[in-house]
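Visitor: I am new to this structure. Please show me how to read it.

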Protein chains: 10
Amino acid sequence: MLNNIPKELSPELVKCLMEMGHGDEILIADGNYPAMTNSQRVIRADGIGVPTLLEDILQLMPLDPYSDYQAILMETVEGDPRPTIWDTYKEDLDKAYPGYNIKTIERQNFYKYSRDCFAIIQSGETALYGNLILKKGVVVPK
Amino acid sequence: MLNNIPKELSPELVKCLMEMGHGDEILIADGNYPAMTNSQRVIRADGIGVPTLLEDILQLMPLDPYSDYQAILMETVEGDPRPTIWDTYKEDLDKAYPGYNIKTIERQNFYKYSRDCFAIIQSGETALYGNLILKKGVVVPK
Amino acid sequence: MLNNIPKELSPELVKCLMEMGHGDEILIADGNYPAMTNSQRVIRADGIGVPTLLEDILQLMPLDPYSDYQAILMETVEGDPRPTIWDTYKEDLDKAYPGYNIKTIERQNFYKYSRDCFAIIQSGETALYGNLILKKGVVVPK
Amino acid sequence: MLNNIPKELSPELVKCLMEMGHGDEILIADGNYPAMTNSQRVIRADGIGVPTLLEDILQLMPLDPYSDYQAILMETVEGDPRPTIWDTYKEDLDKAYPGYNIKTIERQNFYKYSRDCFAIIQSGETALYGNLILKKGVVVPK
Amino acid sequence: MLNNIPKELSPELVKCLMEMGHGDEILIADGNYPAMTNSQRVIRADGIGVPTLLEDILQLMPLDPYSDYQAILMETVEGDPRPTIWDTYKEDLDKAYPGYNIKTIERQNFYKYSRDCFAIIQSGETALYGNLILKKGVVVPK
Amino acid sequence: MLNNIPKELSPELVKCLMEMGHGDEILIADGNYPAMTNSQRVIRADGIGVPTLLEDILQLMPLDPYSDYQAILMETVEGDPRPTIWDTYKEDLDKAYPGYNIKTIERQNFYKYSRDCFAIIQSGETALYGNLILKKGVVVPK
Amino acid sequence: MLNNIPKELSPELVKCLMEMGHGDEILIADGNYPAMTNSQRVIRADGIGVPTLLEDILQLMPLDPYSDYQAILMETVEGDPRPTIWDTYKEDLDKAYPGYNIKTIERQNFYKYSRDCFAIIQSGETALYGNLILKKGVVVPK
Amino acid sequence: MLNNIPKELSPELVKCLMEMGHGDEILIADGNYPAMTNSQRVIRADGIGVPTLLEDILQLMPLDPYSDYQAILMETVEGDPRPTIWDTYKEDLDKAYPGYNIKTIERQNFYKYSRDCFAIIQSGETALYGNLILKKGVVVPK
Amino acid sequence: MLNNIPKELSPELVKCLMEMGHGDEILIADGNYPAMTNSQRVIRADGIGVPTLLEDILQLMPLDPYSDYQAILMETVEGDPRPTIWDTYKEDLDKAYPGYNIKTIERQNFYKYSRDCFAIIQSGETALYGNLILKKGVVVPK
Amino acid sequence: MLNNIPKELSPELVKCLMEMGHGDEILIADGNYPAMTNSQRVIRADGIGVPTLLEDILQLMPLDPYSDYQAILMETVEGDPRPTIWDTYKEDLDKAYPGYNIKTIERQNFYKYSRDCFAIIQSGETALYGNLILKKGVVVPK
């Protein structure tokens with residue numbers, strides 16, 4: 001643990017976030033996501049929910065304002081209600097990036113898309129449609 | 001994740017618990033414990049408290065009834081109050097092992113002692129004196 | 001060994017089952033299956049039959065109810081009798097997933113198909129047509 | 001699997017038995033033995049009992065007739081009855097090495113002694129006092 | 001060394017033969033064969049001839065009776081006499097598999113074909129056209 | 001790079017600082033220090049001076065207030081003037097830990113002492129007597 | 001550190017420059033460049049700017065006079081002013097290679113192009129459009 | 001060092017030459033050749049010229065008499081004089097293989113061609129057009 | 001295979017012999033020697049006898065004339081006849097080193113002594129008392 | 001190869017020299033030195049003599065003026081003449097460090113002493129008593 005770094009983030013995860021560059025994307029996946037099938041760099045965060053990780057990561061990692069989207073969600077299947085966990089995500093994103101934009105991708109395509117992510121965090125999230133991709137922006141050191 | 005296995009336990013941790021034998025001991029350490037200095041097998045559980053891990057592990061791992069002790073705590077320094085987190089531990093242990101026995105070891109000796117543990121779990125626990133060693137008993141498959 | 005985990009499952013196999021996600025498939029292959037030719041993740045279970053492994057795995061791993069099939073068998077060649085070992089499989093599956101559905105795939109295609117499995121378990125099964133693929137469902141922790 | 005090699009023996013175990021030389025010893029340990037604590041070469045045989053492994057290994061590996069003992073058991077604690085599994089061991093050994101000799105070692109010393117074994121097989125044996133050390137003899141190829 | 005396992009077979013080679021499954025093929029190559037160029041699993045047997053290895057392997061590994069061929073040789077170039085070493089092969093095969101069938105493949109295609117072999121044994125054979133591919137059958141444990 | 005993490009710190013170094021526990025010590029060594037001879041975990045920071053690294057690290061890592069000392073310097077040889085770079089260190093430490101205490105250790109002993117450090121950072125510092133050991137304190141997450 | 005080798009260059013970087021051959025190209029990337037996504041050989045130089053690295057590398061590595069270009073920059077997006085850091089680059093290059101030629105490549109293509117670079121140096125540069133590719137020439141030892 | 005093996009050949013290089021088979025080719029490249037870009041097996045011979053390596057290798061490795069060529073050179077660009085180092089090569093080859101044949105390949109194609117070589121030796125040769133590919137023949141042990 | 005290198009010597013063994021220096025010793029062990037227990041560098045030569053290996057090695061490796069002994073044998077136990085295989089060894093040594101000297105070491109001490117050998121070759125020798133240690137001399141390249 | 005770095009030095013050797021710190025020692029050993037027995041970091045320089053390596057290294061690495069000695073030679077055995085190669089060493093050292101001091105160590109102790117060297121370079125030197133240890137000084141970047 002260190003000051004200024006949220007305690008739920010493992011050393012391996014912080015190292016990963018630091019190694020990402022402008023435009024690289026990371027998937028915070030739920031506990032049932034087929035992570036190892038879709039990435040060679042899987043970072044486990046068993047028992048931690050996506051909202052916690054999202055809030056933690058937004059403290060350290062800027063999103064990309066130059067892109068058409070700052071985050072990506074998995075499209076709900078027709079008939080499924082809008083996932084309530086999305087409201088939590090939106091609150092966090094609103095605080096960090098007013099005016100942010102979220103894209104959705106159809107489920108099978110989302111799996112394929114995640115193969116190009118820099119890494120996948122396998123969280124302990126159990127809510128449906130909890131997967132969230134973030135696009136890293138430029139870090140401007142003070 | 002799997003049925004019957006608490007979701008906070010990582011695949012690596014469950015594998016470790018399975019590989020332990022009768023009499024082997026594991027330390028559930030707090031987030032500030034010098035784990036890597038004292039073990040070559042450190043399993044991280046960032047953001048998870050010791051009580052959660054204790055409750056989870058007791059669901060899977062029997063303690064050793066033939067030993068003089070089933071668990072070990074770090075002795076408090078004179079003047080320090082009895083840590084309230086110990087009450088939580090005792091409740092959990094009481095449920096699982098009525099009549100269990102806890103040993104304490106003085107701080108510097110506790111560090112040395114932990115070098116012989118099978119593994120150290122680096123939890124996210126922030127309470128003082130939260131470190132807890134468990135001694136594995138014999139598993140009797142049904 | 002641990003409580004609640006069947007004793008025939010090795011630590012490596014349980015770790016593998018935990019790392020699988022929703023929709024990932026695992027092949028429980030017989031002792032003569034060309035496992036290493038078709039997978040980079042082969043887990044050995046010498047001397048253990050497929051029915052034992054099936055029963056064990058169903059205790060821990062849910063199958064996928066949203067899929068058209070929950071399991072896959074290798075199609076028998078014309079003229080070959082229906083393998084009696086399939087009855088054992090069906091009993092186990094019936095208990096765990098009433099209304100389950102099994103798909104069959106022609107032999108050469110089955111080999112190719114197995115290349116995309118998350119892992120192959122090389123059991124000690126000697127019965128013909130004993131290979132069985134299972135599709136993992138969503139784990140809902142209590 | 002291969003002809004002439006018992007099917008419960010894994011490729012890794014057969015390789016290990018082949019690499020052992022005259023006088024090297026191997027421990028067939030029960031499922032609760034602290035194997036990884038006492039050896040850097042642990043070979044798993046989950047779900048397989050010691051008698052099966054003993055019978056299998058005696059088909060391939062000669063014991064050492066020049067030594068004072070061919071096998072070692074863990075001494076029972078005073079008051080414990082003679083383990084019935086030992087009778088099975090003795091039958092197998094009798095068939096293979098009429099006039100063989102078994103040594104016993106006190107429990108704590110047995111653990112220490114096993115640190116010098118060539119390897120430890122972690123079987124699925126659940127009987128008490130089931131651990132058995134075998135001393136390899138000279139192989140005389142035909 | 002072990003009883004029942006021919007002494008020219010290395011532990012690594014026996015492990016390899018055990019890991020092969022039904023239909024997998026292994027090439028026993030001569031000492032000049034470009035083995036490493038055509039396989040990522042090369043097992044050396046310097047100083048040992050192909051006939052010795054063939055005789056040894058046939059003691060352990062069944063060939064595949066369901067296939068159109070049980071073995072493959074490299075086609076001789078027009079004008080080259082029939083290699084006398086083939087007679088030795090045929091005697092050994094005759095003893096083990098009366099009615100066996102041998103296929104030949106043209107030299108450049110043989111090289112390419114060998115890329116799909118499970119492994120290549122680099123023997124010390126110096127006879128021309130000494131390369132021999134064997135197709136593993138089903139092992140039926142007694 | 002990430003927000004809140006000084007840009008001179010490499011991902012590997014931040015990971016290392018996070019893995020350190022209460023009481024672990026890290027040496028920020030100058031560019032001529034025999035680092036690899038004295039540690040198996042050397043983290044390079046070529047071209048960066050010790051004052052920069054000190055200031056950066058103090059932003060993330062608390063020092064240990066319960067210890068007799070928070071930092072250690074290499075004792076100057078008799079006759080050598082007091083190194084001016086120490087003034088920079090003291091300013092930084094003063095800001096972060098008013099009332100801190102610095103120990104000095106004689107040169108040959110300093111080398112030996114550094115063998116027990118958690119890690120050694122090989123900086124690009126060229127000033128004499130620039131080596132500085134820091135003792136990590138307890139992190140109290142907000 | 002060594003004489004004649006600029007102190008900001010790490011041992012790993014110098015080894016890399018030595019291993020490059022005639023025509024190989026290396027990218028000195030800024031701190032926000034997605035380096036790990038585009039190369040399997042990333043060398044970190046946290047906290048060091050591109051101009052420093054450029055000046056250092058030009059002391060050791062000749063550029064290729066036989067090529068149409070000696071260096072490559074990332075094309076500015078329409079409307080963006082000419083980056084002032086380029087003037088620094090040009091001064092350095094002018095001193096080392098009067099008459100040198102610089103090519104520019106459009107941003108998305110630059111990313112793709114960098115995948116074929118021998119290595120990517122991840123510097124700490126924060127200026128926009130700071131990425132610079134150098135093409136190594138023939139070394140003529142004295 | 002060993003008797004009968006020229007002292008400039010490293011243990012790794014001799015091992016490599018022994019592992020090559022009939023028809024495999026090895027490139028003895030000059031010191032500026034982009035070796036690592038074109039091969040995953042680069043063997044360094046810093047400070048040793050190609051003529052020395054050629055003479056050494058011809059003592060151990062036969063060339064392939066059945067091929068249309070025994071060696072390959074990089075074609076000179078129009079206008080460039082015939083490299084004098086080629087005369088040295090031809091003398092050595094003449095002694096070892098009277099009637100040998102040398103092929104030349106255009107520069108860019110030579111780079112691509114070398115990607116299929118068994119290995120590349122990175123010598124210290126500084127002469128232009130010094131690269132030489134040798135094709136291994138059949139070794140006939142006495 | 002290569003010219004001038006006996007064909008029974010594997011690439012790994014020749015590399016090993018080349019890496020040995022003046023005074024280093026190598027054990028050519030029989031097939032029953034506990035090689036892996038006594039060395040971390042075991043080179044297998046299954047199916048090859050010690051006399052063949054001895055003759056081969058003496059073609060490449062000089063023995064040490066400055067030492068009191070050039071070779072070491074395992075002392076026979078009282079009552080055992082003088083091993084006839086020793087005569088073969090002596091003939092080979094006589095040819096290579098007229099006036100050579102052989103030391104013998106008692107069996108248990110021989111095992112311990114072999115722990116300091118540079119490497120152990122595990123041959124396929126089945127004769128009793130066949131183990132032979134050779135001491136490498138200085139190579140004087142022509 | 002690079003400008004300012006002598007061409008006989010391999011990338012690995014330069015990296016090693018850069019990683020050495022003040023007071024670390026490196027042995028330039030002759031071709032018969034038992035290097036691997038005495039060091040875990042052996043860098044080969046087959047075919048290169050010690051004088052060449054000495055001259056090259058002195059261009060890059062300062063010796064330690066604060067030590068009683070800057071270099072160490074192996075003491076000649078009584079009766080042996082003073083090795084002429086030492087004159088070459090002394091000339092080179094004279095140029096680089098007028099007033100330098102050389103220590104000698106008796107042969108058996110020299111071997112033991114070399115175990116603490118940072119690395120051993122195995123050169124191709126064939127002269128007797130050619131081994132030379134250098135002690136690195138402080139590098140003062142310009």
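Guide: This is a predicted model. Start with helix α5 of chain A, residues 107-114.

Visitor: Which strands does helix α5 of chain A lie across?

Guide: Helix α5(A) lies across β1, β3 (71-74), β4, β5 and β6 (132-135) of chain A. Its direction is about 135 degrees to β3(A).

Visitor: And which strands does helix α1 of chain A lie across?

Guide: Helix α1(A), residues 11-19, lies across β1, β2 and β5 of chain A. It runs at about 135 degrees to β2(A).

Visitor: What is the order of the strands in the sheet of chain A?

Guide: Read across the sheet: β2-β5-β1-β6-β3-β4. It is an open sheet of six strands, with mixed pairing. The edge strands are β2 (42-45) and β4 (102-105) of chain A, and each pairs on one side only. On average, neighbouring strands are turned by 20 degrees against each other, direction ignored.

Visitor: How many bridges join β1 and β5 of chain A?

Guide: Four. Strand β1(A) covers residues 25-29, β5(A) covers residues 119-123, and the two run parallel. For one residue, look at L27(A): its bridge partner in β5(A) is I120(A).

Visitor: How far apart are the closest C-alpha atoms of chains C and F?

Guide: They lie 24 Å apart, and no contact joins the two chains. Chains E and J also have no contact, with their closest C-alpha atoms 25 Å apart.

Key
Residues numbered from 1 in each chain as written. Chains lettered and ligands numbered in written order. Predicted model: local features only at pLDDT ≥ 70, side-chain atom pairs only at ≥ 80, totals over all residues. Heavy atoms only, no water. Contact = heavy atoms within 4.5 Å. Pairing = 2+ DSSP bridges. Axes fitted to C-alpha atoms, helices over the stretch in contact; angles between N-to-C directions.
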